[in-house]
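Subject: Structure handover

Hello,

Please find the structure below.

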Amino acid sequence: MSDLARDAQQYDADDPLAGRRALFVLDDGVYLDGNSLGALARSVPGRVEDVVRRQWGALKIRSWDESGWWTAPERIGDRIAPLVGAAAGQIVVGDSTSVNVFKALVGAVRLADDDRDEILVDATTFPTDGYIAGSAARLTGRTLRPVRPDEVPAALSGRTAAVLLNHVDYRTGRLYDLPSLTAAVHAAGAIAVWDLCHSAGALPVGLDEHGVDLAVGCTYKYLNGGPGSPAYLYVRGELQDRFDSPLPGWNSHAEPFGMREAYEPAAGALRGRVGTPDILSMLALEAALEVWDGVSVDEVRTKSLALTDFFLECVREYVPEGRVESLTPVRHEERGSQVALRCAPDAGDVMKRLIARGVVGDFRRPDVLRFGFTPLYVGFADVERAARVLAEELR
Ligand SMILES: Cc1ncc(COP(=O)(O)O)c(C=O)c1O
């Protein structure tokens with residue numbers, strides 16, 4: 001056994017989160033793609049069965065009240081809130097991330113002063129945010145200006161209405177400084193919108209503490225909600241009365257069953273709702289969130305950094321020099337919960353071979369191997385094995 005394999009055993013033995021792994025359905029491979037689709041929590045299949053057979057099958061329409069379907073978007077939003085540093089009453093769950101980016105960004109422009117004619121968007125963003133920001137700009141008559149996140153402070157001006165940023169870059173795993181960027185946006189008098197897809201459930205976000213205005217995120221990555229599980233929208237409490245959703249549906253009406261002709265927005269976070277929620281996915285997510293009971297995001301962050309540090313160490317030790325290059329920052333303050341390795345020219349083939357050997361990460365064009373580290377179910381022996389198999393395939 002190598003020294004690193006021995007270290008891994010010791011780290012696993014000392015890991016306070018090691019017991020959480022039993023809450024998930026895992027095989028004997030190494031799953032390092034939880035930053036794309038989180039693993040299945042054991043609590044989910046039984047809950048979905050109950051929702052389908054009893055709540056829907058037996059109770060039918062009564063379940064909107066009796067099974068708490070109607071209030072699920074706010075209830076599950078409150079369940080996610082502590083994971084992103086938000087007090088209750090500011091998050092609703094529903095729709096996709098893309099749709100929530102639209103609500104948040106158009107809502108942000110409507111919150112800003114009328115004479116501000118520019119929207120800044122992360123030039124390296126996940127594509128959907130960029131596409132939607134382009135449409136939001138056209139719809140609101142603003143100009144869209146793509147800038148790199150570290151260039152945002154210099155790009156801000158009295159013209160800036162809103163800024164849409166990704167907390168963690170989906171390709172490189174780089175973590176951006178949410179507190180200081182949000183402060184810079186506010187100092188310029190603009191509205192800060194954050195996409196938390198790659199940070200929520202992996203590291204502390206501190207939405208309330210840092211005064212973030214609006215935020216969105218998916219629930220199928222580190223929150224393990226399942227394929228296509230609904231996303232969420234955060235609207236800071238003090239902005240809720242002025243938040244003017246571009247998608248005002250009957251579910252966000254002050255009196256949804258009043259069937260009134262005129263729209264009157266509900267108070268609070270549920271102003272971010274649109275139409276009938278996707279109950280099956282949403283209640284699967286609610287069951288999946290039980291794995292967080294008694295877990296602090298700080299301890300998750302500590303383990304996440306230890307996992308990515310250890311993976312980088314194993315890669316340095318095992319993989320032939322020069323065969324891969326890490327795109328993920330070395331500094332902890334700049335690292336999310338994934339490691340991206342440039343592996344030219346054969347990253348796609350290499351990842352196929354890793355997957356065939358039970359080490360599942362993913363490939364991002366043109367030459368990136370991505371490995372996501374989900375502290376609730378990835379252990380240090382997994383990390384050592386993944387790096388060892390990678391090295392064997394690269395030799
Ligand atoms: C940063 C980011 N934003 C948005 C999305 C996807 O949005 P949607 O949930 O609408 O597919 C992803 C998906 O991976 C993402 O990484």
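A polar contact is a pair of N or O atoms within 3.5 Å; within protein, one must be able to donate a hydrogen and the other to accept it, and residues adjacent in sequence count only if both atoms are side-chain atoms. This is a predicted model, in which local features need pLDDT of at least 70 and side-chain atom pairs count only at pLDDT 80 or more, while totals for chains, interfaces and linings use all residues. Residues are numbered from 1 along each chain as its sequence is written, and side-chain values use heavy atoms, with hydrogens and water left out.

The ligand

Ser98 has a polar side-chain atom 2.6 Å from an oxygen atom of the ligand. For Lys221, a polar side-chain atom also lies 2.6 Å from a ligand oxygen atom. In His198, an N or O atom of the side chain is 2.8 Å from an oxygen atom of the ligand. The protein buries 84% of the 400 Å² that the ligand exposes when taken alone (accessible areas come from the Shrake-Rupley method with a 1.4 Å probe; for residues, only the protein chains shown count as cover).

Helix H5 (97–111) and helix H6 (127–140) are the elements that give two or more residues to the shell around the ligand. Helices (H or I, at least four residues) and strands (E, at least two) are DSSP runs, numbered from the N terminus. Residues near the ligand (one heavy atom within 4 Å) include Phe126, Asn166, Asp195 and Tyr220.

The backbone

Most residues other than glycine have a negative phi, and most peptide bonds are trans.

Two peptide bonds are cis. One joins Ala344 and Pro345, with omega about 0 degrees; Pro345 sits in the loop between strand S10 (338–342) and helix H11 (347–356). The other runs from Arg365 to Pro366, with omega near 0 degrees, and Pro366 is in the loop between strand S12 (362–364) and strand S13 (368–372).

Lys60 has a positive phi, near 50 degrees, and lies in the loop between helix H2 (43–58) and helix H3 (63–66). Phi of Met259 is positive too, near 50 degrees; Met259 is in the loop between strand S8 (232–235) and helix H9 (279–288).

Are these two residues buried or exposed? Lys60 is partly exposed, at 48% relative accessible area, and Met259 is exposed, at 59%. Buried means under 20%, exposed over 50%, and partly exposed in between (1.4 Å probe, protein chains only).

Regards
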